[in-house]
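I opened the notebook to record what I looked up in this chain. The entries follow the order in which I went through them.

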Amino acid sequence: MDLLNTLVDKGLRRELPTREEALAVLATSDDDLLDVVAAAGKVRRHWFGRRVKLNYLVNLKSGLCPEDCSYCSQRLGSTAGILKYTWLKPDEASKAAAAGLAGGAKRVCLVASGRGPTDRDVDRVSDTIRAIKDQNEDVEVCACLGLLSDGQAERLREAGADAYNHNLNTSEATYGEITTTHTYADRVDTVQKAHAAGLSACSGLIAGMGETDEDLVDVVFSLRELDPDSVPVNFLIPFEGTPLAKEWNLTPQRCLRILAMVRFVCPDVEVRIAGGREVHLRTMQPLALNLANSIFLGDYLTSEGQAGKADLEMIADAGFEVEGAGEVTLPEHRADVAAAAGGCGSHGSAEGAGCGSHGGTESAGCGSHGSAGCGSVCGAAPEPAANEPRPDLVAVRRRGAGTDLAPNA
């Protein structure tokens, strides 16, 4: 297929595809899907080999958010039965992080619900970052706290943060349809503040909210222009108790095409499969590793994910390998820029790669807009047809941070 040959050539040269080419990827048929995956896989392997970076979420403060993001289980007015608790203490957060690191994660993502941090909140998170790094010197830490005020990104960096996550989520044209309490421009401003402070910028999207192909291409092209080190791709979990509870618009094939399009537009960036991979990719998760080079280990913010052991088995069975703590994630040309800034990617010494960041959506949001995964309820009901809703795969997190139960990592 001439389109795919062109996209591979452009990806190897870091050349931006045209909008028409990106739209054509999303419009390919299921008959051509494996060809699309194989083509995008060439680009992924060129820049990242067969390594898969593992990231681990710690939800520092769950629920009770004043923002009205329609996709989020922590939003204002949500009736989803999620865990709700105030700030974890630094030692509690450090203990939670240790579980993910023991499971193979090299990055810890510290997330808190809310519009954005107060200066006191920045102090709390700074203390938590120091506590985690005191126990694990080489760990990467990404903060995800919502909209940043002037000077806050610099303070987080001084405390030892390597990266900051804040997602664009959807196109500028449709942003007002999913959130009214802040704007698309507010989100862009926060990503720029993180970048300017020398933090590794992480910003991504949520697919499956009823958007068009044009919306998806718009937001990914906007991300390319912002130039984050990592782009988390979330797939909406239609949580009961949220305005988008009935939006079941994704199939595994659609998810793979979206991931391929993101890889072609952002060829040398860490592409992370974030919230919703277990629910929407299901048994095709291993195939998606040919497109993305990063995933979350275990549970998400307010929902259960696939068991950490199953994640590791999936990576090995698919012929990939977990990225080690001493390896740099990003290609050399990106890692060098990060190192010069003193940010993420400056620690580690593998050929061809630096550090990215985790995914996120949950109002403040890293990694999983209240996303869920295949937890203990998997297989409890007869298997529906592939294109039907799968609420049986949505499980609220009841373990880990904020509970007395051991985390899933």
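I call a residue buried under 20% relative accessible area, exposed over 50% and partly exposed in between, with a 1.4 Å probe and protein chains only. By that rule, 62% of the 409 residues in the chain are buried.

Ground rules. This is a predicted model, in which local features need pLDDT of at least 70 and side-chain atom pairs count only at pLDDT 80 or more, while totals for chains, interfaces and linings use all residues. Residues are numbered from 1 along each chain as its sequence is written, and side-chain values use heavy atoms, with hydrogens and water left out.

Confidence. I looked up pLDDT, the predictor's confidence in each residue from 0 to 100. The chain has a mean of 87, and 88% of its residues reach 70 or more. Over residues 342-385 pLDDT stays under 50. For that stretch the model has 215 contacts beyond four places in sequence, a contact being heavy atoms within 4.5 Å. Where pLDDT is low, the predicted coordinates should not be read in detail.

Whole chain. I counted helices (H or I, at least four residues) and strands (E, at least two) as DSSP runs, numbered from the N terminus. The chain has 13 helices and ten strands. Taking contacts between residues at least 6 apart in sequence, I find that 77% join residues at least 24 apart.

Empty space. Rolling a probe the size of a water molecule over the atoms shows where empty space is left. On a 1 Å grid over the protein atoms alone, a cavity is a set of points where a 1.4 Å probe fits but cannot get out; a pocket is an open set with protein on both sides within 12 Å along at least five of seven lines; and lining residues have an atom within 4 Å of a point. Grid points are joined across faces, edges and corners, and a volume is the space filled by probe spheres set on the points.

The largest pocket has a volume of about 260 Å³. It is lined by 13 residues, of which Glu92, Lys95, Gly400, Ala401 and Thr403 are the closest to its centre. I sorted linings by class: Ala, Val, Leu, Ile, Met, Phe, Trp, Tyr, Cys and Pro as nonpolar, Asp, Glu, Lys and Arg as charged, and the others, Gly among them, as polar. The pocket lining has seven nonpolar, three polar and three charged residues.

I found three cavities of 30 Å³ or more. The largest cavity has a volume of about 90 Å³. Of its 13 lining residues, Tyr56, Leu57, Asp299, Arg397 and Ala401 are the closest to its centre. Strand 1 (residues 51-61) gives the largest share of this lining, four residues. By class the cavity lining has seven nonpolar, three polar and three charged residues.

Buried sites. Asp215 is in helix 8 (residues 213-226) and is buried, with a relative accessible area of 10%. Beyond its neighbours within four places in sequence, Asp215 contacts Ser171 and Thr174.

Not counting residues up to four places away, Asp121 touches Trp87 and Gly116.

Gly208 is in the loop between strand 6 (205-207) and helix 8, and is buried at 3% relative accessible area. Apart from neighbours within four places, Gly208 is in contact with Leu236, Glu247, Asn249 and Leu250.

Most residues other than glycine have a negative phi. Arg14 is in the loop between helix 1 (2-12) and helix 2 (19-26) and is partly exposed, at 39% relative accessible area. Asp227 also has a positive phi of about 60° without being a glycine. Asp227 is in the loop between helix 8 and strand 7 (230-235), and is partly exposed at 36%.
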